[in-house]
Number of protein chains: 6
Amino acid sequence: MRPNERAVNQLRPVEIETGFIKHPEGSVLITVGETKVICNASVENRVPPFMRNKGKGWITAEYQMLPRATEQRTIRESSKGKVSGRTMEIQRLIGRSLRAVVDLDKLGERTVWVDCDVIQADGGTRTASITGAFVAVVIALGKLVDDGVLDQLPITDYLAATSVGVSQDGTSLLDLEYIEDSEAAVDMNVIMTGRGEFVEVQGTGEEATFTRKELNELLDLAEAGMIELFDYQADAIGVYKDMITNQNVEGKDSE
Amino acid sequence: MRPNERAVNQLRPVEIETGFIKHPEGSVLITVGETKVICNASVENRVPPFMRNKGKGWITAEYQMLPRATEQRTIRESSKGKVSGRTMEIQRLIGRSLRAVVDLDKLGERTVWVDCDVIQADGGTRTASITGAFVAVVIALGKLVDDGVLDQLPITDYLAATSVGVSQDGTSLLDLEYIEDSEAAVDMNVIMTGRGEFVEVQGTGEEATFTRKELNELLDLAEAGMIELFDYQADAIGVYKDMITNQNVEGKDSE
Amino acid sequence: MRPNERAVNQLRPVEIETGFIKHPEGSVLITVGETKVICNASVENRVPPFMRNKGKGWITAEYQMLPRATEQRTIRESSKGKVSGRTMEIQRLIGRSLRAVVDLDKLGERTVWVDCDVIQADGGTRTASITGAFVAVVIALGKLVDDGVLDQLPITDYLAATSVGVSQDGTSLLDLEYIEDSEAAVDMNVIMTGRGEFVEVQGTGEEATFTRKELNELLDLAEAGMIELFDYQADAIGVYKDMITNQNVEGKDSE
Amino acid sequence: MRPNERAVNQLRPVEIETGFIKHPEGSVLITVGETKVICNASVENRVPPFMRNKGKGWITAEYQMLPRATEQRTIRESSKGKVSGRTMEIQRLIGRSLRAVVDLDKLGERTVWVDCDVIQADGGTRTASITGAFVAVVIALGKLVDDGVLDQLPITDYLAATSVGVSQDGTSLLDLEYIEDSEAAVDMNVIMTGRGEFVEVQGTGEEATFTRKELNELLDLAEAGMIELFDYQADAIGVYKDMITNQNVEGKDSE
Amino acid sequence: MRPNERAVNQLRPVEIETGFIKHPEGSVLITVGETKVICNASVENRVPPFMRNKGKGWITAEYQMLPRATEQRTIRESSKGKVSGRTMEIQRLIGRSLRAVVDLDKLGERTVWVDCDVIQADGGTRTASITGAFVAVVIALGKLVDDGVLDQLPITDYLAATSVGVSQDGTSLLDLEYIEDSEAAVDMNVIMTGRGEFVEVQGTGEEATFTRKELNELLDLAEAGMIELFDYQADAIGVYKDMITNQNVEGKDSE
Amino acid sequence: MRPNERAVNQLRPVEIETGFIKHPEGSVLITVGETKVICNASVENRVPPFMRNKGKGWITAEYQMLPRATEQRTIRESSKGKVSGRTMEIQRLIGRSLRAVVDLDKLGERTVWVDCDVIQADGGTRTASITGAFVAVVIALGKLVDDGVLDQLPITDYLAATSVGVSQDGTSLLDLEYIEDSEAAVDMNVIMTGRGEFVEVQGTGEEATFTRKELNELLDLAEAGMIELFDYQADAIGVYKDMITNQNVEGKDSE
């Protein structure tokens with residue numbers, strides 16, 4: 001029924017390639033089905049003005065699609081001279097989510113810039129960005145631990161994201177690809193931590209609504225998908241895996 | 001415990017004044033506690049380019065705070081020359097939510113512009129905007145029915161919004177005012193229809209997370225608050241109340 | 001002959017409501033006929049770069065119309081990404097006029113921000129803004145005197161504004177409403193102090209001209225209208241009335 | 001007392017060089033004392049959208065100072081990415097003034113673009129721009145008559161502008177140069193037609209006020225200066241002088 | 001002497017991967033040493049306004065670096081709200097160069113958009129962009145031939161680019177990497193066709209100059225490098241190789 | 001054959017008028033045929049942020065065309081709110097070229113702003129700008145020497161620029177005017193120093209290419225034209241002529 005005979009509760013194939021670009025402190029190419037996002041984490045030794053002199057760090061994100069990441073070429077935001085509302089929403093979401101699992105006090109007066117550049121889009125670009133960005137941030141901060149700049153990895157838990165939705169015929173689906181997403185009645189992005197708590201739940205019916213029962217089904221699907229995503233992340237993080245503060249990661253136990 | 005001895009499941013006082021500004025087709029001043037928003041609905045006899053020649057209408061919203069709506073003066077977005085990410089998120093949310101209860105086919109090739117201008121802010125400005133905007137839109141479209149331009153009010157159901165949240169001590173609260181909102185661990189905006197379905201659920205933990213159990217408590221509080229909000233809206237709508245397509249509005253039955 | 005049988009030398013009804021918005025130091029809703037403007041004065045404890053280290057203060061103004069303040073919806077300047085020439089002219093005029101009656105030396109290194117937001121427009125929005133803004137500034141600075149921050153109210157005189165014009169049939173009129181203004185051959189804005197001196201005279205013939213005799217008739221009308229406006233202001237200012245330096249206000253003597 | 005022993009009612013030397021730049025339909029370099037402005041008039045065979053299908057023409061103006069027109073280099077507005085409020089005020093003023101003496105119906109569906117570029121500034125740049133722009137427009141439209149495109153020169157009268165002001169010691173002065181203007185208590189720009197009527201009067205006291213008596217003295221000075229300016233214009237216009245509709249130009253009679 | 005013991009007349013290793021992104025009509029990842037650029041060619045069935053109704057096509061290019069393509073993170077141009085002068089220069093150069101080998105008449109009323117996104121930068125990003133873009137354009141247009149949309153590949157010759165320069169010690173070098181480029185006395189970009197003609201020569205001495213003799217040495221080096229680049233391109237183009245109009249490509253003869 | 005019977009290797013008449021505008025430290029009106037550019041050099045006693053605390057100076061340039069410098073009026077870049085790619089390219093080129101002959105160490109922590117405003121365009125505006133700007137800079141810096149601010153003129157050599165090109169019939173031409181430039185197959189800008197070295201060579205074939213032989217012919221023409229340009233400059237510089245460090249200027253010897 002779904003493209004590629006995928007089950008309703010089945011994620012698309014996920015790959016997380018680390019060290020993708022040479023300059024950034026952490027660099028990841030995440031592939032979720034046909035969606036591909038370069039997630040680069042850069043560490044800067046200062047914080048934005050509103051965070052100064054608090055002894056705390058900051059994490060901020062920027063998101064962008066290449067013009068031909070999409071089926072039809074989209075106009076470059078730098079050419080238009082302004083960032084769209086959609087882009088702003090997504091980059092605010094990525095930054096806010098990452099801040100939920102980074103101990104900004106332990107980070108010290110540093111800014112982590114996360115750049116998520118979608119080179120190929122097939123649905124779920126914002127959730128793939130978050131899942132990949134988490135890995136890039138762990139690697140970038142892990143290097144600061146390796147270099148003795150930080151005593152401890154200031155990461156309190158895993159963080160991953162996926163989309164779930166309800167199709168026009170009422171079926172709840174995990175990890176929508178573009179063709180499914182564009183026709184869905186309800187679309188929900190769920191961002192969770194390794195210990196199974198929510199960081200963000202954004203459910204939207206465009207010209208449609210959803211019941212409490214549907215909401216619960218969608219959250220069940222998302223929770224199941226997360227367990228797999230944490231596994232992919234743990235493999236990519238490698239040596240830094242044991243430095244994450246909270247080890248009660250569901251789905252990590254089996255490793 | 002809460003300011004003004006409010007119960008955890010108690011809305012702030014709500015007033016919806018109609019006919020507030022003389023020019024717009026629908027004009028409302030909504031007051032929720034100390035939050036005051038002017039919601040004006042304007043009807044234009046054409047649609048944006050991407051909607052042309054579909055025989056359907058469109059609803060779009062703009063949101064803005066006056067510089068001194070807030071405790072500290074904020075810089076005017078027109079002076080900065082760009083709209084902030086926060087403003088874009090909110091105006092996209094308002095437009096999307098309204099589209100869930102307006103029958104765009106029945107609206108015909110018309111655009112409804114909704115302008116939500118916050119003149120005084122004390123938390124919950126986006127949810128007050130939605131609750132007030134719904135009334136402004138019903139009045140604007142009701143006049144088109146009165147004038148014989150439309151056969152039928154193209155509104156399928158009531159629509160209201162409220163915020164819920166979890167305080168630092170773990171208490172779930174309905175309708176947060178600014179002092180509560182700024183200290184909350186979790187903040188959630190819930191937008192529902194008269195028949196009790198969700199249009200949008202946006203739960204966010206800024207540097208915090210929330211459990212499935214907390215999510216459920218918050219949704220329970222929101223659902224209870226909605227019933228009251230629909231009553232306030234029904235009173236404000238007056239003569240157009242019976243023209244809303246779906247009459248199974250919870251909490252409306254008792255009227 | 002004029003709408004509502006108004007005499008050529010008769011102002012529209014004026015109301016000045018103080019304390020309109022809770023956050024600003026001075027907040028006024030001024031109503032002149034059907035024109036309604038929220039005038040908020042905010043005090044900031046620093047001055048713009050070009051005024052630094054002079055021991056003097058500064059007053060600056062911003063002006064804006066809500067999109068549906070007008071009969072037809074106008075595009076929001078924040079959406080267009082730039083402020084129109086008309087808006088710039090008006091906000092420069094408001095700031096310049098207020099500076100004529102504020103003793104910037106006595107104000108000290110503070111900035112008074114005046115925000116004039118037109119929520120309903122029916123002609124004379126810039127002059128209503130000035131008349132209302134004066135009251136908002138007096139209240140904001142009066143509070144600084146109350147709080148012992150300033151020894152003395154740094155206001156040297158009353159300040160009010162009105163429009164006058166010549167209709168197509170050659171009649172000189174006081175306080176034009178929109179329908180009159182849009183058809184006038186000559187339009188003049190006059191800003192005066194309580195002692196009867198001019199701060200600004202701006203007379204304009206759009207595709208028309210005016211004689212010295214007409215100019216004099218218009219100034220006579222404006223001077224007569226001012227006396228009433230100062231009375232409305234004096235009532236609104238209340239307790240701060242006696243703190244204004246110059247007490248030889250024409251038309252105030254009779255109180 | 002005044003620089004160069006100028007009398008209070010004496011204009012600075014004026015030169016109007018025509019045919020200054022080869023491409024524009026009308027091109028003038030006007031010199032008023034040390035102020036030099038290039039005024040180019042361009043005719044375009046269409047009107048802006050808001051004027052379409054009315055059978056009428058339009059005149060619009062743009063004004064700009066070269067960065068080193070001034071004593072200190074000013075930042076180029078194209079580099080800042082926006083036009084200042086001052087520039088907008090001036091270009092609106094120039095366009096509005098010219099429209100008072102051009103018969104837009106006779107002009108037909110054409111736009112006259114007037115570009116006033118100040119290459120050297122020493123006070124009175126906006127009034128010099130208007131005085132020079134009038135000549136450029138007459139020449140540009142005169143050529144349309146020469147070419148048989150127009151039957152008649154659609155100019156109803158002469159148009160010139162000058163500044164007047166009150167110095168700190170209370171003296172009324174004609175045609176202020178920069179050093180005088182920057183210290184003046186009152187500054188007034190007066191724009192008049194050949195038959196002695198006002199097109200625009202803009203009197204401003206920056207942190208100062210002026211009496212009705214001072215206003216009258218300033219207007220007397222301006223009227224006297226105009227007569228000379230019309231003479232300079234008449235010489236520059238040359239062959240087109242007799243095509244101006246209204247021949248009752250004061251000060252022209254003697255020619 | 002050069003990094004990696006490269007000879008002065010030796011190119012860095014070049015790889016041209018085709019079909020890199022799935023959506024674009026032509027998509028290439030070009031790698032020149034450590035410089036990596038995604039070059040996507042998109043075909044649109046219309047031309048920009050200035051080219052309409054001429055029966056000809058158009059090619060335009062956009063260029064961008066990801067923020068962490070560089071050693072230090074650079075600010076995203078979409079966030080700054082404007083495209084830098086450097087970016088504009090480069091994208092104009094890419095478009096202009098490609099137009100030299102595309103027969104715009106045979107292309108018909110179509111626009112080819114070329115997007116060059118630098119994901120990793122190590123010198124020579126503009127020349128790698130041109131070399132890669134040529135391949136992407138050939139593939140995109142080749143598909144139009146395959147699909148019968150075009151009769152013939154509207155490509156008249158090969159096109160490649162490389163940089164050459166003079167080091168501080170006076171040595172002429174082919175294909176500078178970043179460390180060499182940043183210290184070079186003279187930097188030159190050379191763009192050539194398969195038949196050995198120049199499309200563009202841009203030699204620049206930043207705070208330095210170069211003699212005619214040095215210019216000739218640099219051109220000799222560039223010409224030698226081109227022959228290799230055309231070979232890489234021929235391999236990548238594959239089936240479309242024989243469709244290029246001009247077969248007298250130097251260095252191609254041997255294939 | 002060429003307009004005005006000019007020989008292929010003949011420059012148009014050149015005039016360099018110094019002291020054109022009174023405020024700038026160096027001000028030149030350069031006329032090359034019908035092309036006229038005002039070149040003003042301003043000295044500021046500080047450097048841009050990226051040059052601070054290096055003990056060195058900086059030179060930067062801005063270029064602009066008046067709207068009617070051209071046959072058809074072009075839209076003002078300040079009105080569009082952004083500088084075009086063409087303008088950016090040119091102003092970067094002017095600044096870079098001047099830096100090749102200014103000893104930035106000897107200049108000290110000062111910025112020289114060069115403003116090139118084209119008041120009439122007939123081809124070769126960028127090269128005329130450079131030739132004129134060199135004179136303006138020498139005069140501005142010469143005054144610093146006169147005033148004892150600098151010990152020595154920090155100019156190492158003459159600098160001039162011209163354009164050369166190949167016409168459609170294959171003739172190489174020196175100093176193209178607009179009608180020639182717009183039809184040329186190849187266009188090249190050459191910037192050279194007094195001792196005969198290149199600062200910049202930019203050869204471009206728009207939809208065309210050029211051979212090595214043509215390149216050499218063009219450079220020969222340019223070199224010949226330079227010798228004349230240096231003579232014009234030497235005359236304009238006057239007293240500062242002997243202060244230029246390098247006196248081996250070709251073509252200067254004969255003076």
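Author: Let us start with a cut-off: buried means under 20% relative accessible area, and exposed means over 50%, with partly exposed in between. Please keep in mind that this is a predicted model.

Reader: Happy to. Why is R6(A) called buried?

Author: R6(A) has 8% relative accessibility. Buried means under 20%, so R6(A) counts as buried.

Reader: And what makes R6(A) and E177(A) a salt bridge?

Author: The closest N and O atoms of E177(A) and R6(A) are 3.2 Å apart. The cut-off is a side-chain nitrogen of Lys or Arg within 4 Å of a carboxyl oxygen of Asp or Glu, so the pair qualifies as a salt bridge. This pair links distant parts of chain A: E177(A) sits in the loop between β7 (172–174) and α5 (178–181), while R6(A) belongs to the segment before β1 (14–18), 171 residues apart.

Reader: Is E177(A) buried or exposed, and how do you know?

Author: E177(A) is buried, because its relative accessibility is 9% and the limit for buried is under 20%.

Reader: Let us turn to E89(F) and R92(E). What makes this pair a salt bridge?

Author: Here the closest N and O atoms are 2.6 Å apart, and the limit is within 4 Å, so E89(F) and R92(E) form a salt bridge.

Reader: How do you know which chains the pair joins?

Author: E89(F) lies in helix α2 of chain F and R92(E) in helix α2 (residues 85–99) of chain E, so two chains are joined.

Reader: Finally, what makes D103(F) a contact partner of P154(F) and T156(F)?

Author: Contact means heavy atoms within 4.5 Å, and D103(F) touches both P154(F) and T156(F). D103(F) is in the loop between α2 (85–99) and α3 (104–107) of chain F.

Methods: Residues numbered from 1 in each chain as written. Chains lettered and ligands numbered in written order. Predicted model: local features only at pLDDT ≥ 70, side-chain atom pairs only at ≥ 80, totals over all residues. Heavy atoms only, no water. Helix = DSSP H or I, 4+ residues; strand = E, 2+ residues; numbered from the N terminus. Buried < 20%, exposed > 50% of the residue type's maximum accessible area, 1.4 Å probe, protein only. Lists of a residue's contacts leave out its neighbours within four places in sequence.
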